Amino acid sequence: MFNKIYIEKLKSNFSEAIRVISSNKIRTLLTSLGIIFGVAAVITMLAIGNGAEKEILSQLELVGVNNIVITPIPDEKKDNASEDEDDEANTESKRFSKGLDMLDVTSIANNIPSVKTVSPEIILDTYVIKKGRQNPVKLIGVSNEYFATSNIEIESGKNFSIAQSKNALPVCIIGKKIEKKLFTGESAIGKNIKVKDVWLQVIGVIEEKFISDTAQENLGIRDMNQDIYIPIKTFLVRYKDRKIISEKQMDFENGIFVISNGNSQGPKKRIPRGNYHQIDKLIVQVNNSKELNATADVLSRMLKRKHNGMLDFEISIPIQLLKQQQKTKQIFNIVLSIIAGISLLIGGIGIMNIMLASVLERTKEIGIIRAIGATQEDVILQFLTESVLVSIGGGIIGIFLGILASYILEATTGIETILSLNSILLSFFVATLIGLVFGIAPARSAANKSPIEAIRHE
């Protein structure tokens with residue numbers, strides 16, 4: 001019986017709240033603007049946060065948790081270098097570096113205990129021929145450890161065998177997009193493709209992975225789905241080895257290449273060496289992420305010593321770059337959270353002010369319902385219902401606005417956003433709570449009105 005009476009009271013209060021809100025539509029909308037924008041900001045913030053977390057995890061999977069990346073710096077000095085360089089610069093120019101090569105790979109693997117695997121890469125922009133047409137591709141010379149180090153799964157086929165790598169056999173593993181382009185509707189395993197001037201047998205196809213433009217730009221990750229991989233010895237023997245000196249008559253003077261004009265007394269012209277490094281990238285995987293910084297420091301000192309004091313390489317730790325990106329996005333989310341919090345606070349204060357004004361306007365009405373038997377609890381419940389409904393209405397509009405803003409943000413800026421049911425439910429709960437908290441003061445003010453005030457109001 002008690003529950004039935006309570007339910008009837010709720011229905012009555014709800015109907016009355018709808019009537020009051022409907023009679024002041026514009027004022028109600030203006031009152032709930034803070035709630036609308038606050039909830040929209042919460043939805044958008046959580047969508048950006050979810051997208052950022054997914055992107056960070058996917059990029060982390062691509063670069064590896066415990067990886068250190070070493071990239072060479074080619075010689076790009078100009079012919080017309082200034083003659084007024086200081087002594088330090090002149091000393092530096094007289095040094096000669098052999099460049100990043102396979103000897104460095106062996107030294108790192110054998111002499112640094114914290115290193116788990118070392119995976120070199122050589123990259124060549126070339127083409128694959130199919131039905132008389134040339135398709136541009138990147139040919140990558142890699143070691144057997146490359147796929148495990150780079151978290152790349154071989155979807156079909158197998159990895160290079162020891163014999164294939166050791167004997168420089170013409171075999172390859174291709175990206176999924178290459179298979180789709182060259183072997184539409186059929187498997188590429190066991191078939192032959194012509195890359196530049198060499199026929200290669202396909203022994204594997206890697207699993208397709210989505211690589212965002214951001215990851216490619218910030219972390220130097222290629223779209224591996226369009227690459228062709230061969231054993232690194234196959235690359236050096238059958239394609240290109242920068243360690244092999246050309247037949248041109250070359251001399252060394254002060255540690256740099258010069259072209260001799262046949263007269264030892266004549267002038268000698270300095271030319272840039274270009275990319276003299278044998279390998280284009282070196283991924284060093286350590287046993288423990290705690291050893292990353294220490295290992296990177298040891299690598300730097302070791303390679304600089306082996307390269308005759310020349311700092312012609314760059315060492316980076318991808319996980320640190322990712323953490324920096326994550327920190328930047330967290331700062332953005334904090335700013336958005338502050339904006340959302342301020343909007344919700346303003347929305348709550350707006351609801352409280354309008355409800356207090358409504359109490360003054362409805363003094364006569366309150367006095368009459370108190371005179372005919374309504375208790376203070378009934379009045380409080382009535383005004384709280386109105387406050388919560390205004391807040392919930394604003395919250396629902398804010399949810400739709402936040403969803404729309406998330407899609408627009410992703411379409412216009414490229415920032416990945418992921419909406420979740422939890423964020424929507426959280427926003428709805430916050431909107432309800434705002435209406436309840438900021439409706440208490442007006443509800444108590446209304447409940448304190450006595451029936452006598454109705455007569456005074458007349």
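Contact here means heavy atoms within 4.5 Å. With that in hand, what is I193 in contact with, leaving aside its neighbours within four places in sequence? The list is V128, C172, I174, L182, F183, V198, W199, L200, V202 and I228.

Some housekeeping. This is a predicted model, in which local features need pLDDT of at least 70 and side-chain atom pairs count only at pLDDT 80 or more, while totals for chains, interfaces and linings use all residues. Residues are numbered from 1 along each chain as its sequence is written, and side-chain values use heavy atoms, with hydrogens and water left out.

Back to I193. Together with I108 and I228, I193 has the most contacts inside the largest nonpolar core, which has 43 residues. A nonpolar core is a set of buried Ala, Val, Leu, Ile, Met, Phe, Trp, Tyr and Cys residues joined through side-chain atoms within 4.5 Å. Buried is under 20% relative accessible area, exposed is over 50%, and partly exposed is in between, with a 1.4 Å probe and protein chains only. A second, separate core has 24 residues, including I366, V390, A431 and F438.

Next, strand β1, residues 67-72. Helices (H or I, at least four residues) and strands (E, at least two) are DSSP runs, numbered from the N terminus. Five of the six residues of β1 are buried, so the strand is largely enclosed by the rest of the structure. Two strands pair if DSSP finds at least two bridges between them. β1 pairs in the antiparallel sense with β12, residues 281-286, over four bridges, and I70 has L282 as its bridge partner there. β1 also pairs in the antiparallel sense with β13, residues 313-316, over four bridges; in β13, the partner of V69 is S316.

Last, I415, in the loop between α14 and α15. At 35% relative accessibility, I415 counts as partly exposed. I415 and I48 are 367 residues apart in sequence and 7.5 Å apart in space, C-alpha to C-alpha.
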